[in-house]
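This report describes one protein chain, with its sequence and its three-dimensional model. Please keep both in view while reading.

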Amino acid sequence: MHGPAMSGWLLTALCGATGLYCLVRMRGSSGEARRAAGGEALMGFGMAAMTLPAAVVVLPEWAWTVCAAVFAAAALAALWPARRGLHHLHHAVGSLAMVYMALAMTPGGGAHAGHAPAGVPLLTGALLVYYAAYVLRSGVRLVPVPAAAGVSGPLSSGTRPELAPACRLVMGLAMLAMLLTL
């Protein structure tokens with residue numbers, strides 16, 4: 001990732017922690033929830049690898065091609081179940097965005113004479129709009145709704161709230177940051 005090393009390390013830590021949480025969630029789930037958690041873990045770890053600060057850690061040139069291939073396979077895997085729900089379509093968009101960014105980082109993928117690689121401005125802009133809307137929508141969903149008087153809500157029952165929506169929000173914010181530095 002291009003930009004300040006501190007923000008790159010923070011994004012790497014956040015995305016890595018998100019990937020770890022998704023692995024734990026995957027272990028305790030089954031069926032469709034397990035596959036979704038696995039896809040989110042892959043996305044978290046892939047984003048952690050891509051956000052490593054370029055000034056500190058230089059990935060080998062072949063790593064971007066491998067990253068693009070892995071996420072292209074993940075996008076194809078998300079397209080079939082996408083006919084059952086929009087969440088899978090979001091996984092496909094996220095995987096294709098990762099392919100796009102990895103290809104932009106490959107040698108000859110937009111880099112020129114001492115400048116950072118860059119993607120197609122129109123596609124980058126469309127992805128920025130998509131992820132800005134996704135982050136705003138996800139953030140609003142995390143805001144607790146006040147319960148009616150005398151009605152026990154999910155947070156007042158003494159149970160721990162699920163962290164998966166917060167992890168998705170973190171990955172959406174990280175995707176925005178990565179697209180902005182592309």
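## The largest pocket

How much space lies in the largest pocket? The answer is about 380 Å³. The model is a predicted one, in which local features need pLDDT of at least 70, side-chain atom pairs count only at pLDDT 80 or more, and totals for chains, interfaces and linings use all residues. Residues are numbered from 1 along each chain as its sequence is written, and side-chain values use heavy atoms, with hydrogens and water left out.

A pocket is found on a 1 Å grid over the protein atoms alone, as an open set of points with protein on both sides within 12 Å along at least five of seven lines; a cavity is a set of points where a 1.4 Å probe fits but cannot get out, and lining residues have an atom within 4 Å of a point. Grid points are joined across faces, edges and corners, and a volume is the space filled by probe spheres set on the points. The lining of the largest pocket consists of 13 residues, and H87, Y134, R137, S138 and R141 lie nearest its centre. Helix 5 (121-142) is among the helices that each supply at least two lining residues, together with helix 4 (86-105) and helix 6 (164-180). Helix 5 gives the most, with six residues.

## Overall architecture

The chain contains six helices and zero strands, where helices (H or I, at least four residues) and strands (E, at least two) are DSSP runs numbered from the N terminus. Of the 182 residues in the chain, 38% are buried; buried means under 20% relative accessible area, exposed over 50%, and partly exposed in between (1.4 Å probe, protein chains only).

Contact means heavy atoms within 4.5 Å. Among the contacts in the chain with a separation of 6 or more, 74% are between residues 24 or more positions apart.

## Enclosed cavities

How many cavities of 30 Å³ or more does a search of the whole structure find? The search finds two, and about 130 Å³ of space lies in the largest cavity. This cavity is lined by 13 residues, with M43, H90, Y131, Y134 and M171 closest to its centre. Helix 2 (31-50), helix 4, helix 5 and helix 6 each supply at least two residues of its lining.

## Buried residues

H91 belongs to helix 4. H91 counts as buried because its relative accessible area is 13%. Leaving aside neighbours within four places in sequence, H91 is in contact with A36, G39, E40, M43 and A78.

T12 lies in helix 1 (residues 5-27) and is likewise buried, because its relative accessibility is 13%. Beyond its neighbours within four places in sequence, T12 touches A48, T51, L52 and P53. T51 is located in the loop between helix 2 and helix 3, and its relative accessible area of 0% makes T51 buried. T51 and L11 are 40 residues apart in sequence, with their C-alpha atoms 6.3 Å apart in space.

L42, W62, V66 and V70 make a nonpolar surface patch of about 370 Å². Patches are made of residues with over 30% relative accessible area and no salt bridge, with like charges joined within 9 Å and nonpolar side chains (Val, Leu, Ile, Met, Phe, Trp, Tyr) within 5 Å. A salt bridge is a side-chain nitrogen of Lys or Arg within 4 Å of a carboxyl oxygen of Asp or Glu. Accessible areas come from the Shrake-Rupley method with a 1.4 Å probe; for residues, only the protein chains shown count as cover.

Helix 3 (residues 61-79) supplies the largest share of the patch, three residues. V70 is found in helix 3 and is partly exposed, because its relative accessible area is 38%.
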